[in-house]
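These are my notebook entries on a structure I looked up. I begin with terms and then record what I found.

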2 protein chains.
Amino acid sequence: MPTLLHHPLDPSSRLARLMLAEYGVPVELEEIKPWLREADFLEINPAATLPILVDEKGGQAVGCLAVLHMIEDLYAPTSIDGLMPTDAAQRAEMWRLFEWVNAKLNDEVTRYVLEEKIAKRDTRGATPEPSVLRAAKTNLAEHMLYFNWLLATREWLSGEVMTLADFALAAHLSSLDYTGDIDWGKAGETRDWYSRIKSRPAFRTLLNDRVVAMPPHKGYADLDF
Amino acid sequence: MPTLLHHPLDPSSRLARLMLAEYGVPVELEEIKPWLREADFLEINPAATLPILVDEKGGQAVGCLAVLHMIEDLYAPTSIDGLMPTDAAQRAEMWRLFEWVNAKLNDEVTRYVLEEKIAKRDTRGATPEPSVLRAAKTNLAEHMLYFNWLLATREWLSGEVMTLADFALAAHLSSLDYTGDIDWGKAGETRDWYSRIKSRPAFRTLLNDRVVAMPPHKGYADLDF
């Protein structure tokens, strides 16, 4: 069985867990707090990022892109499309929106929320800086408008089929939902989309996550939120 | 012939041009200044990132990951390995180091240098902020130590074969070399590696690049630098 070094609220770790669950691959989880920069973790990954997959067949994959490609290479179904469509235009749109989530949403929202609410507490017992959280909230509102606009015209984030881009966004929004940073009352089409993706069997594992001394926001695990 | 919307000093655009040249694909270049956020550019890419590939066979690919995957899907040789090895462990190491360059080196060095030296001048005629450039320089020195350490033990960045990771790093370092931000005297093994990759035919197109009112740093186009 592969082992995944992860953190329960790290969106890239969540993406890897969603992919593995969707492809029916059982995985052993080992929790890491990357911001503590512990020596044996830095030896495996000097960039101090997660996730890291250790697989009997594939070897060791370090970081988001290495892990998601290894999961896709080893475990995607061969008879039907997995999470990466084979059609060139659909693939391109999937990568565009994966990058939107993984780079832009992360840079403008998720990394600040997790740094302020989790890493700062773990490393120096500090409380979040309100001005940073306010900026992240304003940025998130802009992103939600864009996702609403996309999802008003298509079934899934990158088109008519569910892809890696949907899982990437679901991973980020579920972390931000855990910390109570999503106003579902204003989430429009994104709320309907999230409700559909949250009901998938692959999602169940994430809904049982708990971070010590930080219970999830009300509604986090409810399918009817 | 495919068209690439690019900027001569944008590292992701350079990576796309290197890949296309390596695979022998002629391309029409159209220069964009993404920081000007012009309406017709934002309509194609609301994230305002480059490159964008418009291809007869593949359609439109927007952003770094979409473009590099489309180039690989459409143009990589099928009889031999292209820039992405087929061996699982080699692929994982390639993605790890691609991500190192594309996320970490970019976040800590390249984006600051290009913002300060190019975007600020173009958008508001402003001069670079010395403290930002100093921080980027300090960060770059740390990265160079890591690359030197890797390249002391292996032929190419991610192992014994040249991969996408080498092209990604070469794209970033060549932008930083254009702006005069690399101290080759201290570059050790990375200098030898850069000298090898700079001599490849695929690299020639980059060495003729010129940005208006900003000539390249001395030695930029020399194979013996």
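I take helices (H or I, at least four residues) and strands (E, at least two) as DSSP runs, numbered from the N terminus. Axes are lines fitted to C-alpha atoms, for helices over the stretch in contact, and angles run from 0 to 180 degrees between N-to-C directions. The model is predicted: local features need pLDDT of at least 70, side-chain atom pairs count only at pLDDT 80 or more, and totals for chains, interfaces and linings use all residues. Residues are numbered from 1 along each chain as its sequence is written.

Entry 1, helix packing. I looked up helix H5 (residues 130-151) of chain B and helix H7 (residues 188-198) of chain B, which pack at an angle of about 70° with axes 7 Å apart. H5(B) is therefore roughly perpendicular to H7(B) (angles of 65 to 115 degrees count as such). In contact (heavy atoms within 4.5 Å) are B:Met144, B:Phe147, B:Asn148 and B:Leu151 of H5(B) with B:Gly188, B:Glu189, B:Thr190 and B:Trp193 of H7(B). I sorted the residues of this contact into four nonpolar, three polar and one charged. Ala, Val, Leu, Ile, Met, Phe, Trp, Tyr, Cys and Pro count as nonpolar, Asp, Glu, Lys and Arg as charged, and the others, Gly among them, as polar.

I found 19 residues of domain 1 of chain A in contact with 24 residues of domain 2 of chain A.

How values were computed. Chains lettered and ligands numbered in written order. Heavy atoms only, no water. Parallel < 35°, antiparallel > 145°, perpendicular 65-115°, else oblique.
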